Amino acid sequence: MENKIDYVKKSLQIEYLSTIWMTFEFIVGFYSGIKARSILLIAFGLDSFLEIISGSTLIWRLKKEFNKAPVKQIENAEKKSSLIVGSVLLLLSIYVITVSIFNLVTHQAADTSISGISIAIASVLLMPFFTFKKRSLGKNINSDALVEDGMCNITCAYMAGTVLLGAILTALFGLWWVDSIAALVLVYFIASEGLESLKNGLNKY
């Protein structure tokens, strides 16, 4: 029968894998967004970058637990991470809203991005796996942070679905406004995630 340290080790492995994927997702999503002039893909890429920050902090926290560090050190890291990530997510929401409205007013259209569509499909398929594993392992080691990180992954899947729908509609029908409208829908997920992170960070003080 596995003990808690075994579960912590497995948690570290899944978090490493998740963070590596998010790095790839950020590079492809952000580059595709810049190339296609798609605020939707840029926002998706930037959110992936924030997931890298969150994942890296959680890896640090899990390593502390694996090495049996004082609980107080782990709690302090979680507080600061939640507040930083939450604040940046809300700033990202403001950025997406501003640029999307500007694009709608000026009739700016995004180009088709095959790489953007591909990364969105991969994310829709992969994120539920990360969510299931992190929720299961989080419960086994009594880590709310790991469970919450898993919920961020399912939010990422919803965001990828929005990106996919927007990109496909733009590619098939050339509707100039779809990218901006879909980006505004994306703000709901980004802002919700940001508010939840802020609330978690403030509640721990």
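Author: Gladly! Keep in mind that this is a predicted model. Let's begin with D111, which has a relative accessibility of 38% and is called partly exposed.

Reader: Why is D111 called partly exposed?

Author: Buried means under 20% and exposed means over 50%. D111 has 38%, so the label partly exposed applies.

Reader: What makes R37 and D111 a salt bridge?

Author: Their closest N and O atoms are 2.9 Å apart, and the cut-off is 4 Å, so the pair counts as a salt bridge. R37 is partly exposed, at 48%.

Reader: Why can such side chains pair at all?

Author: Side chains of opposite charge can do so when their charged atoms come close.

Reader: How many salt bridges does the structure hold?

Author: Four. One of them joins the side chains of K134 and E15, with N to O at 3.4 Å. K134 belongs to helix α4 and E15 to helix α1, and the two are 119 residues apart.

Reader: How do you know whether K134 and E15 are buried or exposed?

Author: The relative accessible area is 0% for K134 and 1% for E15. Buried means under 20%, so both K134 and E15 are buried. E15 and K134 are also linked with D149 in a network of salt bridges.

Reader: What makes E196 and K199 a salt bridge?

Author: Their side chains meet at 3.8 Å, N to O, and that is within 4 Å, so the pair qualifies. E196 and K199 are separated by about one helical turn because they are three residues apart in helix α6. E196 is partly exposed at 39%, and K199 is partly exposed at 45%.

Reader: Why is T19 called buried?

Author: T19 has 11% relative accessibility, and the limit is under 20%, so T19 counts as buried. T19 lies in helix α1, and its side chain reaches the backbone oxygen of E15 at 2.8 Å. Leaving aside neighbours within four places in sequence, T19 is in contact with I52, G55, S56 and I59.

Notes
Residues numbered from 1 in each chain as written. Predicted model: local features only at pLDDT ≥ 70, side-chain atom pairs only at ≥ 80, totals over all residues. Heavy atoms only, no water. Helix = DSSP H or I, 4+ residues; strand = E, 2+ residues; numbered from the N terminus. Buried < 20%, exposed > 50% of the residue type's maximum accessible area, 1.4 Å probe, protein only. Polar contact = N/O pair within 3.5 Å; in protein donor to acceptor, adjacent residues only side chain to side chain. Contact = heavy atoms within 4.5 Å.
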